[in-house]
Amino acid sequence: MNIVFFDIDGTLATGTQVPASARKAIRLLRNKGDLVWICTGRPLKYAKKNFYQYANGYIVSNGRQGFTCCAKIYDKPLTKEQVQRISRTLDQIGAGYIFFEGNRGCYYGPDYGFAEMQKIWPADFLKKDVPVDTLIPYSFDVVFKDQEMKKKIEEELGDLCVLNPHGPHPSADVTVRGWDKGDGLKAVAEYMHVPLENTYAFGDGLNDLSMLEAAGHGIAMGNGQQALKDKADYVTTAIDEDGVYNGLKHFGLI
């Protein structure tokens, strides 16, 4: 048995739309008895709502939580000290940010950032005015006014955080160092009693680098970041050029 891990945005889907060739490939893969796991920076609520039909399990919040269809495997929230430092630093810079708990995102910062995030997240998910010291978050997104602000965030938090920009949108999801997608992949493989050489990981962004390095076989999408392609065992075609299907076929999984 193999486990194949898929990032969502830019890898498995564009928005919530999964290409027909990827849907076919996943059906063939699962019919063989192999397992498909979502491995995303998104929170669990988003992943389950939009991609449950493809998944045997979920690694969410950039690796900090792992779930089968019906059980939690592990749970690695941010520490109070990490939350305080992140919040204090971003407030000083003037950036907007959302801390993600399991079933809600809590926004802090200027109104422009909240308006941008309202375009992405449903109203019943995104909250404001929640005291930071009451949170138990797993990850966060940051909203920046311009590239100068993004650079400032990376300078101030680079020892703690890795930003994964959302293309042209002025935001990024953030991996907090200490537990990432690669750690999540290893935890799942151990829990499922699958050797790492039987694991495959598909990604396109900088937050996928740890996942590709941890997997037995790391596959970068053709539309992915060059830094990811440089580390991958194989570079498949782009998401809109049957990238998932071609990557699985290359390794003889379908």
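1. In this predicted model, alanine 220 is positioned opposite valine 235 of strand 14. Strand 13 (residues 217-220) and strand 14 run parallel and are joined by 2 bridges. Both strands belong to an open sheet of 8 strands with mixed pairing, whose order is 5-4-3-2-1-12-13-14. Strand 5 (72-75) and strand 14 (234-235) form the edges of this sheet; each has a single partner strand, so one side of each lacks a neighbour in the sheet. Helix 2 packs on the sheet and touches strand 2, strand 3 (57-60) and strand 4 (65-68). The direction of helix 2 makes about 145 degrees with that of strand 3.

2. A hairpin of 3 residues links strand 4 to strand 5. Glutamine 65 has aspartate 75, in strand 5, as its bridge partner.

3. Is arginine 42 buried or exposed? Its relative accessible area is 17%, which is under the 20% limit, so arginine 42 counts as buried. The side chain of arginine 42 makes a polar contact, at 3.0 Å, with the side chain of aspartate 9. Apart from neighbours within four places in sequence, the residues in contact with arginine 42 are Asp9, Val60, Ser61, Ile120 and Trp121.

4. A second open sheet consists of 6 strands in the order 8-7-6-9-11-10, again with mixed pairing. Its edge strands, strand 8 (126-128) and strand 10, each pair on one side only. From one strand to the next, the twist averages 30 degrees. Within this sheet, strand 6 (residues 96-100) pairs with strand 9 in the antiparallel sense over 5 bridges. Phenylalanine 100 has serine 139, in strand 9, as its bridge partner. Helix 3 packs on the sheet, where it touches strand 6, strand 9, strand 10 and strand 11 (171-176). The direction of helix 3 makes about 160 degrees with that of strand 6.

5. Helix 5 (residues 147-157) has Met149, Lys150, Ile153 and Leu157 as its buried residues. Why do these residues lie on the same side of helix 5? They cover an arc of only 105 degrees around the axis, and therefore share one side of the helix. In general, an α-helix has 3.6 residues a turn, so residues three or four places apart point the same way. The face turned away from the buried side of helix 5 carries the exposed residues Gln147, Glu148, Lys151 and Glu155.

6. The buried residues of helix 5 pack against helix 3 (80-93), helix 4 (111-118), strand 9 (139-143) and strand 10 (161-165). Helix 5 itself lies across strand 9 and strand 10, at about 155 degrees to strand 10. The N-terminal end of helix 5 is capped by aspartate 146, a side-chain oxygen of which lies 3.2 Å from the backbone nitrogen of glutamate 148.

7. Helix 1 (residues 20-31) and helix 9 (residues 243-250) have axes that come within 7 Å and cross at roughly 35 degrees. On the helix 1 side, Ser21, Ala22, Lys24, Ala25, Leu28 and Leu29 take part; they meet Val244, Tyr245 and Leu248 of helix 9. The residues of this contact comprise 7 nonpolar, 1 polar and 1 charged.

Notes. Residues are numbered from 1 along each chain as its sequence is written. This is a predicted model: local features need pLDDT of at least 70, side-chain atom pairs count only at pLDDT 80 or more; totals for chains, interfaces and linings use all residues. Side-chain values use heavy atoms; hydrogens and water are left out. Buried means under 20% relative accessible area, exposed over 50%, partly exposed in between (1.4 Å probe, protein chains only). A polar contact is a pair of N or O atoms within 3.5 Å; within protein, one must be able to donate a hydrogen and the other to accept it, and residues adjacent in sequence count only if both atoms are side-chain atoms. Contact means heavy atoms within 4.5 Å. Two strands pair if DSSP finds at least two bridges between them. Helices (H or I, at least four residues) and strands (E, at least two) are DSSP runs, numbered from the N terminus. Axes are lines fitted to C-alpha atoms, for helices over the stretch in contact, and angles run from 0 to 180 degrees between N-to-C directions. Ala, Val, Leu, Ile, Met, Phe, Trp, Tyr, Cys and Pro count as nonpolar, Asp, Glu, Lys and Arg as charged, and the others, Gly among them, as polar. The arc is that of the directions from the helix axis to the C-beta atoms.
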